[in-house]
Amino acid sequence: MKPKSRLLEAVHETARDLAELGFIDKRAMNRYDVLCIEPVPAYSPEQIRTLRDRYRLSQAVLASVLNTSLSTIQKWEIGEKHPGGPSLKLLNILDRKGIEVLV
């Protein structure tokens with residue numbers, strides 16, 4: 001995830017270091033994560049299809065990579081459902097880092 005600004009990036013890095021040393025508990029660190037890190041963007045049906053096409057993946061293979069069902073991928077691509085949670089995060093990783101990171 002990308003920090004919202006350089007200042008928040010520095011705050012987050014400091015908080016992460018303090019958490020590793022035991023000065024900040026997990027709940028407080030989660031608040032810093034929410035404050036400092038941009039949320040994962042939503043993906044439209046067209047963006048999901050384009051992403052799948054970029055890596056030349058079938059719907060079935062993308063479903064396997066994201067640990068979801070073929071019907072879920074099909075519903076995302078027609079706009080009947082929208083990815084969320086871990087699936088959205090994995091789509092974002094695929095988009096930013098490439099297929100090699102996920103397989």
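**Entry 1: ground rules**

I am working with a predicted model, where local features need pLDDT of at least 70, side-chain atom pairs count only at pLDDT 80 or more, and totals for chains, interfaces and linings use all residues. Residues are numbered from 1 along each chain as its sequence is written, and side-chain values use heavy atoms, with hydrogens and water left out. Helices are DSSP runs of H or I with at least four residues, numbered from the N terminus (strands are runs of E with at least two).

**Entry 2: α1 and α2**

I began with helix α1, residues 6-20, and helix α2, residues 26-36. Their axes come within 10 Å and cross at roughly 165 degrees. This makes α1 roughly antiparallel to α2. I noted how the angle works: axes are lines fitted to C-alpha atoms, for helices over the stretch in contact, and angles run from 0 to 180 degrees between N-to-C directions. Under 35 degrees counts as roughly parallel, over 145 as roughly antiparallel, 65 to 115 as roughly perpendicular, and the rest as oblique.

I also looked up the hand of the α1 and α2 crossing, and it is left-handed. A crossing is left-handed if the near helix is turned anticlockwise from the far one by less than a right angle, and right-handed if clockwise.

Which residues meet here? From α1 I listed Leu8, Val11, His12, Ala15, Arg16 and Ala19, and from α2 Met29, Tyr32, Asp33, Leu35 and Cys36. Contact means heavy atoms within 4.5 Å. The residues of this contact divide into eight nonpolar, one polar and two charged. For these classes, Ala, Val, Leu, Ile, Met, Phe, Trp, Tyr, Cys and Pro count as nonpolar, Asp, Glu, Lys and Arg as charged, and the others, Gly among them, as polar.

While in α1 I clicked on Thr14, which lies in that helix. Is Thr14 buried, partly exposed or exposed? At 45% relative accessibility, Thr14 counts as partly exposed. The cut-offs are under 20% relative accessible area for buried, over 50% for exposed, and in between for partly exposed, with a 1.4 Å probe and protein chains only. I then looked from Thr14 to Pro86, 72 residues apart along the chain, and their C-alpha atoms are separated by 26 Å.

**Entry 3: α3 with α5**

Next I turned to α3 and α5, whose axes come within 6 Å and cross at roughly 125 degrees. That makes α3 oblique to α5. Pro45, Ile48, Arg49 and Arg52 of α3 make the contact with Trp76, Glu77 and Ile78 of α5. I sorted these contact residues into four nonpolar, no polar and three charged.

**Entry 4: α3 with α6**

The axes of α3 and α6 come within 11 Å and cross at roughly 50 degrees. This pair is oblique too, and the crossing is left-handed. Ile48, Leu51 and Arg54 in α3 meet Leu91, Leu94 and Asp95 in α6. Here the classes are four nonpolar, no polar and two charged.

I stopped at Leu51 of α3. Leu51 is buried, with a relative accessible area of 3%. Leaving aside neighbours within four places in sequence, Leu51 is in contact with Leu91, Leu94 and Asp95.

**Entry 5: α6 itself**

Helix α6 covers residues 85-97, 13 residues in total. From first C-alpha to last it reaches 18 Å, close to the 18 Å expected at 1.5 Å a residue. The expected span is 1.5 Å times one less than the number of residues.

What covers the buried residues of α6? The cover includes α3 (45-54), α4 (59-65) and α5 (70-78). The buried residues are Ser87, Leu88, Leu91, Asn92, Ile93 and Leu94. For Ile93 the relative accessible area is 19%. Not counting residues up to four places away in sequence, Ile93 touches Gly98, Val101 and Leu102. Ile93 and Val40 are 53 residues apart in sequence and 9.6 Å apart in space, C-alpha to C-alpha.

**Entry 6: positive phi**

Most residues other than glycine have a negative phi. I found Arg56 with a positive phi near 55 degrees, in the loop between α3 and α4. Arg56 is exposed at 79% relative accessible area. Asn67, not a glycine either, has a positive phi of about 55 degrees. Asn67 sits in the loop between α4 and α5 and is exposed at 72%. Just after α6, Gly98 takes a positive phi of about 100 degrees.
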